[in-house]
Amino acid sequence: MARLKLFLPLIIFAALAVLFWRGLSLNPQEMPSALLNKPVPEFSLPKVSDGETLAQKSDLPAKPLLMNVWATWCIACRVEHPYLNGLAEQGVPIVGVNLKDDDAEARQWLEKFHNPYLFSVADRDGRLALDLGVFGAPETFLVDAEGMIRCKHVGVVDDRIWQTKLQPLYERLQNQTWDEFAGELSDSLLSRCQ
């Protein structure tokens, strides 16, 4: 028994080393979303545009859209923003969730870098982001016409992410309901939305 006590620290160290090594191999952009295939949480928040007019879940258009969590303090959001402007110009509806930001700075950001959003809500205390299971900005959710979250992407949306992850689902959702084509989707496409 005394010999086992001598090797106990080594066994614990080895077990922790295996756990840490496994953690390093995980992709942080593949964080599962508890809200996948669940409705967008209810919200009633002021619009960034004036800081007073309230927007609610019922104001989301009844068509597929992107819900993008962004902030002026987020460096990656600045990288992503021109691509979102391009998507909006192509007719992709995008709703913004401005996370824990100053309203005046957010309005200046949108004036300076252009506004891709149908509307953007000021999530000043981060409650909506918390309800969405957001880890940080930017994060983007693909929402279907019924207000159900069908895909989540953590990080910058760029051409590669749009074309391989979000666009295939977005285009299918424009023409069919989720139930009509969910069975046809490949496991590899669905696994990218976890």
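A residue is called buried when its relative accessible area is under 20%, exposed when it is over 50%, and partly exposed in between, with a 1.4 Å probe and protein chains only. Helices (H or I, at least four residues) and strands (E, at least two) are DSSP runs, numbered from the N terminus. The model is predicted, so local features need pLDDT of at least 70 and side-chain atom pairs count only at pLDDT 80 or more, while totals for chains, interfaces and linings use all residues. Residues are numbered from 1 along each chain as its sequence is written, and side-chain values use heavy atoms, with hydrogens and water left out.

The protein chain contains seven helices and seven strands. Read from the N terminus, the order of elements is α-β-β-β-α-β-α-β-α-β-β-α-α-α. Of the 194 residues in the protein chain, 43% are buried. Contact means heavy atoms within 4.5 Å. Among contacts between residues at least 6 apart in sequence, 70% join residues at least 24 apart.

Five strands form an open sheet in the order β5-β4-β3-β6-β7, with mixed pairing. Two strands are taken to pair if DSSP finds at least two bridges between them. Strands β5 (119-123) and β7 (149-154) lie at the edges, each pairing on one side only. On average, and with direction ignored, neighbouring strands of this sheet are turned by 20 degrees against each other. Such angles run from 0 to 180 degrees between N-to-C directions, and axes are lines fitted to C-alpha atoms, for helices over the stretch in contact.

Strand β3 (residues 65-70) pairs with strand β6 (residues 139-143) in the antiparallel sense over five bridges. In this pair, methionine 67 stands opposite phenylalanine 141 of β6. Strand β6 also pairs with β7 in the antiparallel sense, over five bridges, and here leucine 142 stands opposite cysteine 151 of β7. The hairpin of β6 and β7 has five residues between the strands, and glycine 147 takes a positive phi near 85 degrees in this hairpin. Strand β7 is mostly covered, with six of its six residues buried.

Helix α2 (residues 75-89) and helix α3 (residues 103-113) have axes that come within 11 Å and cross at roughly 55 degrees. Therefore α2 is oblique to α3, where angles under 35 degrees count as roughly parallel, over 145 as roughly antiparallel, 65 to 115 as roughly perpendicular and the rest as oblique. The contact involves Cys77, Arg78, His81 and Asn85 of α2, together with Trp109, Leu110 and Phe113 of α3.

Two lysines lie in loops. Lysine 57 is in the loop between β2 (54-56) and β3, and it counts as buried because its relative accessibility is 18%. Residues up to four places away in sequence aside, lysine 57 touches Pro39, Val40, Pro41, Glu42 and Phe43. Lysine 47 is in the loop between β1 (44-46) and β2 and is partly exposed, with a relative accessible area of 23%. Its contacts beyond four places in sequence are Glu52, Thr53, Ala55, Phe119, Ser120 and Val121. Lysine 47 and valine 121 are 74 residues apart in sequence, yet 4.4 Å apart in space from C-alpha to C-alpha.
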